[in-house]
2 protein chains.
Amino acid sequence: MTSEIQKNLVEKNTEYARTFDSGHLALPPAKKYLVVTCMDARIDPAAAFGISLGDAHVIRNAGASAKDAQRSIVISEQLLGTRCGMLTFTNDDAHALVKLNLGPAAAAEVGTLDFLPFSDLDNAVKSDVEYLKKTATVPEDVKISGWVYAVETGKVRQVV
Amino acid sequence: MTSEIQKNLVEKNTEYARTFDSGHLALPPAKKYLVVTCMDARIDPAAAFGISLGDAHVIRNAGASAKDAQRSIVISEQLLGTRCGMLTFTNDDAHALVKLNLGPAAAAEVGTLDFLPFSDLDNAVKSDVEYLKKTATVPEDVKISGWVYAVETGKVRQVV
């Protein structure tokens, strides 16, 4: 069953992909910066903060908490290779790199943090959707779907 | 000292605020949905996924992890009042609401989660910048600044 929101996603994305010409952008942010901002629906970071496509990592959570963003910040600094960065490392790699590049104090702060890497994009999406369907923290009447966005084409594709 | 990135932020934001006419938007997302997507610099969720300003909460982290987004998802569902939602509750409120609205299974999942509320916007920004300057997980040569974005005017203001 396709909801209004899913219809809107597919229609707007089809339009977006039609004129998309940024498939060449590299994974590392071109301007080497990172923005932590709020999930607030009234914020459009790209437009309001002048972030051009490919320029900066953008982390968003409730209240723009830097502590909450720790995992993502460390991955942004240390771990991104090419294409999907999450596919390129294991937890052991991540912890070894933190120790090597940031030192023992950073390793101690990070502790046994799960960097939540994954080895397959579609399976990662499926497993996140399963988690959201199973968790008691999301009411059962909430509709959940999972999609993959291709940075090469600008197109979304529904996985589940 | 103003960096190129800060200059870009101020210039582009001044331009954005000049024609900004969405200061009337309410805090609850107009279309009542939430998107979890990756922090990847090559994704512009508003443009690529057709999210109009004010329509949806947008959470972004490394790999678009739903588990990592748990705190923000629960706040999105349960806790947002008017203006800045983070100012409107305490951890005790949050845990009480989870138990009341989502039940004991959700309360157990959430455990002793710190919802990271704050009572003053500028102080929250300062304390996050202090955290980022102190943490060993961010190298010392990384420049860090903290800003507040006013949803009423579209303007950013540097705090630290």
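How much area do chain A and chain B bury between them, and what share of it is on carbon and sulfur atoms?

1. Chain A and chain B bury about 6,000 Å² between them, and 62% of this area is on carbon and sulfur atoms; buried area here is the accessible area (1.4 Å probe) that two parts lose on being put together, summed over both. Of the area that chain A buries against chain B, 14% comes from A:Met39, A:Arg42 and A:Thr137, more than from any other three residues.

2. This is a predicted model, in which local features need pLDDT of at least 70 and side-chain atom pairs count only at pLDDT 80 or more, whereas totals for chains, interfaces and linings use all residues. Residues are numbered from 1 along each chain as its sequence is written, chains are lettered from A and ligands numbered from 1 in the order in which they are written, and side-chain values use heavy atoms, with hydrogens and water left out.

3. The mean pLDDT (the predictor's confidence in each residue, from 0 to 100) of chain A is 87, and 94% of its residues reach 70 or more. Within chain A, confidence is lowest in helix α3 (residues 70–78), with a mean of 81, and highest in helix α2 (residues 45–48), at 96; helices (H or I, at least four residues) and strands (E, at least two) are DSSP runs, numbered from the N terminus.

4. The contact (heavy atoms within 4.5 Å) takes 68 residues from chain A and 69 residues from chain B.

5. Across the interface of chain A and chain B there are 2 salt bridges by the rule, which asks for a side-chain nitrogen of Lys or Arg within 4 Å of a carboxyl oxygen of Asp or Glu. A salt bridge joins the side chains of B:Asp68 and A:Arg71, at 3.1 Å from N to O. On the side of chain A that touches chain B, at least two residues each come from α1 (4–18), α2, β2 (56–61), α3, α5 (104–110) and α6 (121–134) of chain A, and α3(A) gives the most, with 8 residues.
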